[in-house]
Amino acid sequence: MLDSGLIRYARVHRALAILAATTAVVALSALFGGTPIAVPSIGSEGVTTGIPFRRELPLLSGVFLTAALDGAMSKHEEMGATAMHRYRLAYCFGLTLAVCALSFSVEALAVGVGAGAVFVRSIVIWFGLALLSARLLGPQLGWPLPLASALLLIWYPQTWWDWTSNSATDLFSWTVAAAALAVGVAASAATPWRTRGWLRR
């Protein structure tokens, strides 16, 4: 049975809105994800390349997840007691897991298990970058770093480091996902009061 305090925490931290938005993203991918995005090819004047729409859609889900950390009392919550941080961790972990499970299921049914795994991997990478961006630039600015990386992938598609086109079993891309999430979580945990405490040690 879910903790009533956690349910209340989720209610005031946009859980339903985030789930609705990420559900719309994966539904959009399932219905129109194969539609190619026409972009100019670097170094080939007048030539365009097509990138499937679904490759970039996980960026939206990754950025939407950072809304769970923002709110009218977010600055005060960062200075909260241990119980508050436990709620925050449990909520963010549960919400991220739910979004990834939903996204994988829909993509696996619409395209295939491999596509579902790649979609989830992209969510994890862009979520990590969004957490880092929100810490560096402000709680409502989780999108600049993910967007910058997406533009790079769109202009230079299908390179060895393009996690959106690499196979579901590509070890390098999963390593990038683990590193991006670790950096993002560490940045999110490095609240000002914690940083001051670490510096005083």
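The expected span of a helix is 1.5 Å times one less than its number of residues. Keep that rule handy for one of the stops below. Before we set off, remember that this is a predicted model.

**The whole chain**

Show the protein chain as a cartoon and you'll find nine helices and two strands. Trace the sequence and the pattern reads α-α-β-β-α-α-α-α-α-α-α. Of its 201 residues, 39% count as buried. As for contacts with a separation of 6 or more, 67% of them link residues 24 or more positions apart.

**Helix α7**

Now select residues 144–155, which make up helix α7. With 12 residues at 1.5 Å each, α7 should span 16 Å, and its end C-alpha atoms sit 17 Å apart, so the two values agree. Next, colour Pro146, Ser149, Ala150, Leu153 and Ile154, the buried residues of α7. They cover an arc of only 140 degrees around the axis, so they lie on the same side of α7.

**The nonpolar core**

Where do the most contacts inside the largest nonpolar core gather? Pick out Ile18, Leu65, Tyr91, Leu95, Phe119, Ile123 and Trp126, the residues with the most contacts within this set of 31. Helices α1 (4–12), α2 (15–32), α3 (58–65), α5 (82–110), α6 (113–137), α7 and α8 each put in at least two core residues. The largest share, nine residues, comes from α6.

Stay with Leu95 for a moment and show what surrounds it. Leaving aside residues up to four places away in sequence, Leu95 touches Ala15, Ile18, Leu19, Leu65 and Ala68.

**Valine 26**

Go to helix α2 and select valine 26. Is this residue buried or exposed? Valine 26 has a relative accessible area of 1%, and under 20% counts as buried, so buried it is. Beyond residues up to four places away in sequence, its contacts are Leu102, Ser103, Val106, Glu107 and Phe119.

**Serine 173**

Last stop: helix α8, residues 171–189, where serine 173 is found. Serine 173 is buried too, with a relative accessible area of 1%. Which residues does serine 173 touch, not counting those up to four places away in sequence? Show Arg121, Ile125, Trp163 and Asn166 around serine 173 and you have them.

How values were computed. Residues are numbered from 1 along each chain as its sequence is written. This is a predicted model: local features need pLDDT of at least 70, side-chain atom pairs count only at pLDDT 80 or more; totals for chains, interfaces and linings use all residues. Side-chain values use heavy atoms; hydrogens and water are left out. Helices (H or I, at least four residues) and strands (E, at least two) are DSSP runs, numbered from the N terminus. Buried means under 20% relative accessible area, exposed over 50%, partly exposed in between (1.4 Å probe, protein chains only). The arc is that of the directions from the helix axis to the C-beta atoms. Contact means heavy atoms within 4.5 Å. A nonpolar core is a set of buried Ala, Val, Leu, Ile, Met, Phe, Trp, Tyr and Cys residues joined through side-chain atoms within 4.5 Å.
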